[in-house]
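Subject: Structure for your review

Dear colleague,

Please find below the structure that I am handing over to you. My notes on what was found in it follow directly after.

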Amino acid sequence: PITRSEKGNSVHYAHIGTGNFNEKTARLYTDFSLLTADEKITKEVHDVFSFIENPYRPFTFKHLLVSPQNARQKLYEFIDQEINNAELGLNAGITLKLNNLVDTGLVDKLYEASKAGVKIRLIVRGMCSLIPGLPGVSENIQAISIVDRFLEHARVYVFNNFDTPQVYLSSADWMTRNIDYRIEVGVPVLDPVLKQRILDILDLQLNDTVKARIIDKELNNHYVERGNRRKVRSQMAIYDYLKELEQIPVLDFTDNTNNKEG
């Protein structure tokens, strides 16, 4: 949390990211970071630090996913909502970007969602104990791993939520140690522009036809077949996407005919 004096008032900011602050790894790792002044978030980030200082005091987090306080319960609830929607014939989907997916309870919950008809897309760089494509178990789950020049380090959770996606950035992989035994934080992305930006980046990764490998039950790790699709190397595509977004029009001051003094 950060407090800044602005026009005589104290304004609270909070930073929540999917990775740590490290000068060396910052050159190699890709992460998402959110800097926000939203009071709903900044208050709860302050409470996270109070919880660290006073772990036996009761704290309630309405917006943040905080391990080991409420993260598992909330994640189960989000998955259950998608299961309910699928059973009602509504669009239901989950997209996850993780470093590791090995927690038995969450893996079983994703299997349950798949069996209910929830479409699940996974980008898992490292360990993945979930097996996609098992008949009657995980037929609705597709999983890829992307290993390229930069180490994919971000954790992102997306739940379809009645076609109004809930997007969370988190420091937590879906591992028992991260969900139950460490203090980890996930934050909802509330700004629609930033939310769409994250969804666009995930879409580029899910359509990678150069560095993406398929995670399957045989552990073959074959590259995704490109077929007739265009060549997409997602890390380069994301760079181009962000570069285009951040371009600021340059004003041309060479013609001063209409800018005479006087």
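Arg 4 stands opposite Val 11 in strand S2, in a model that is predicted. The two strands concerned, S1 and S2, pair in the antiparallel sense over five bridges. Their hairpin has two residues between the strands, and Lys 7 lies in this loop. The phi angle of Lys 7 is near 55 degrees, which is a positive value in a residue other than glycine. With a relative accessibility of 87%, Lys 7 counts as exposed.

S2, which covers residues 9–17, also pairs with S4 in the antiparallel sense, here over four bridges. His 15 has Leu 35 in S4 as its bridge partner. Together these strands make an open sheet of three strands in the order S1-S2-S4, with antiparallel pairing. S1 (2–6) and S4 (33–36) stand at the edges with a single partner strand each, so one side of each is left without a neighbour in the sheet. On average, neighbouring strands of this sheet are turned by 25 degrees against each other, direction ignored. Helix H1, residues 39–53, lies across S2 and S4 and runs at about 75 degrees to S2.

As to the aromatic residues, the structure holds five aromatic pairs. One of them joins Phe 51 and Phe 59 in an edge-to-face arrangement, with 6.1 Å from centre to centre and 70 degrees between the planes. Both of these residues, Phe 51 and Phe 59, are buried. Ring pairs link Phe 51, Phe 59 and Phe 61 into a cluster.

Another of the pairs consists of Phe 78 and Phe 159; it is tilted, at 5.0 Å centre to centre and 45 degrees between the planes. This pair links distant parts of the chain, as Phe 78 belongs to helix H2 (residues 71–87) and Phe 159 to strand S10 (residues 155–159), 81 residues apart. Phe 78 and Phe 159 are both buried.

Two charged side chains also lie over aromatic rings. Lys 109 is placed over the face of Tyr 76, at 5.7 Å from the ring centre. Arg 213 lies over the face of Tyr 223, at 3.8 Å from the ring centre.

Some backbone details may also be of interest to you. The peptide bond from Ser 67 to Pro 68 is cis, with omega near 0 degrees. Pro 68 is found in the loop between strand S5 (65–67) and H2. Phe 162 has a positive phi of about 60 degrees, although it is not a glycine. Its place is in the loop between S10 and strand S11 (166–170). Since its relative accessibility is 47%, Phe 162 counts as partly exposed.

Finally, I turn to the protein as a whole. It has six helices and 13 strands. Of its 262 residues, 41% count as buried. The C-alpha atoms fill a box of roughly 80 × 55 × 40 Å, taken along the principal axes. Of the contacts with a separation of 6 or more, 61% are accounted for by residues 24 or more positions apart. The accessible surface comes to about 15700 Å², and 50% of this belongs to carbon and sulfur atoms.

With kind regards

Conventions
Residues are numbered from 1 along each chain as its sequence is written. Side-chain values use heavy atoms; hydrogens and water are left out. Two strands pair if DSSP finds at least two bridges between them. Axes are lines fitted to C-alpha atoms, for helices over the stretch in contact, and angles run from 0 to 180 degrees between N-to-C directions. Contact means heavy atoms within 4.5 Å. Rings of Phe, Tyr and Trp (its six-membered ring) pair if their centres lie within 6.5 Å; planes under 30 degrees apart count as stacked, over 60 as edge-to-face and the rest as tilted. Buried means under 20% relative accessible area, exposed over 50%, partly exposed in between (1.4 Å probe, protein chains only). A charge sits over a ring if NZ of Lys or CZ of Arg is within 6 Å of the ring centre and within 35 degrees of the ring normal. Accessible areas come from the Shrake-Rupley method with a 1.4 Å probe; for residues, only the protein chains shown count as cover.
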